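Dear colleague,

I am passing on the structure below, and after it you will find my notes on a few of its features. Please read them with the model open.

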Amino acid sequence: MKMKLFKSLSLAAALGLLASCAKLPENEIRIGEFGSMTGLTSTFGTATHEGIQLAVDEVNAAGGINGKLVKLVSEDDRGKPEEAATVVEKLITRDHVHALLGEVASSNSLAAAPIAQRHKIPMISPSSTNPKVTAQGDYIFRVCFIDPFQGKVMAKFASETLHAKTAAILRDKSSDYSVGLADVFAREFSGMGGKILIDQAYQSKDVDFKSQLTTIRQKKPDVLFVPGYYSEVGLIAKQARDGGLQAPLLGGDGWESPELYAIGGKAIEGSYFSNHCAPDAKIKQVMDFAEKHRAKYKKEPGALTVLGYDAAGVLFDAIRHAPSLKGPDLRAAIAATKDYQGVSGAISLDADRNAVKSAVVLKVHHGRAEFVATVNP
């Protein structure tokens, strides 16, 4: 008798929980965010979150969108692809989000995108640059340039600005981002008459690169292309200089983090990397955003913060124009984005749902990134 009563109560409780979950506020727009809030690339997630949260706060302070307030539901994937897949499934099935913002790392976006596509929930990546990300389906978008363009930018910069004739590559073989960028740089640099002397590899979480760097130093390249993430790049820079390799290091937007300078110290000085915007650019929208960010977070924003803000801005603009919050309606509205005036520049989405926009090359000088050049598509 007691057992039957217990089962009845358990069933009632479960049904009550399901009912409460089903009764979601109708005056709410639920946006899911996933990123590496902890782990080796935690500055990626926290920097992006700051930009997204700033955009959410602004739109809600202005009364929301079409009379509805935005509710941001954030999940930490710890920088792991399998975690990204898990939290995105939860955001969609448990939290019933209308759209997703994330991720930074291409490997994590690639793990999450098929889930968003299957559920027909639009996903906008602020800064995953691997071309395969948006190829996962027509519900997947991004507001950043892609690796072929970024790789070409750095190959052109190495050849035309630094007058490099030879290059070495040190890639993270476990990263879709790093492998993709390295492949493009090698192809483009060779096409411009340069020669790739050696192409070495490491794996994420490695801390000892001395063997690869010794082999590279013996080849005497004019430049060393390291398209990895800041956590390893800083260590690579230190070990390269300690081992007598003095060639300039070149990289991509994965270098974007204050931790790059903390880890690399003086060894990273004089290196160059491509990025989505220049934090020191004397452009009104950049300066205005920096002022708002300083007021809220008491620090300077980086490019990933800007892209988080712009990704949210593109989504909110689409929601304003969409006939409903249903997946197909939101997808169509996002796909129609043209000349959206973001902090990182004007954003238009092409037929493959990629942003058409310029890139900048930055130089590490006195522990910070300084603007060198703008390269247009």
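Strand β6 is joined to strand β7 (residues 195-202) by seven bridges, and the two run parallel; strands here are DSSP runs of E of at least two residues, helices runs of H or I of at least four, numbered from the N terminus, and two strands pair if DSSP finds at least two bridges between them. Within this pairing, Thr166 has Lys195 of β7 as its bridge partner. The chain passes from β6 through helix α6 (residues 176-191) to β7 in a right-handed β-α-β crossover, that is, with the strands pointing away from the viewer, the path from the first strand over the helix to the second runs clockwise.

This is a predicted model, in which local features need pLDDT of at least 70 and side-chain atom pairs count only at pLDDT 80 or more, while totals for chains, interfaces and linings use all residues. Residues are numbered from 1 along each chain as its sequence is written, and side-chain values use heavy atoms, with hydrogens and water left out.

Strand β6 (residues 166-172) has seven of its seven residues buried, so it is largely enclosed by the rest of the structure; buried means under 20% relative accessible area, with a 1.4 Å probe and protein chains only. Three bridges also join β6 to strand β8 (residues 223-225), again in parallel, with Ala168 opposite Leu224.

Glu256 lies in the loop between β9 (249-251) and α9 (258-264).

With best regards

Technical notes:
Buried < 20%, exposed > 50% of the residue type's maximum accessible area, 1.4 Å probe, protein only.
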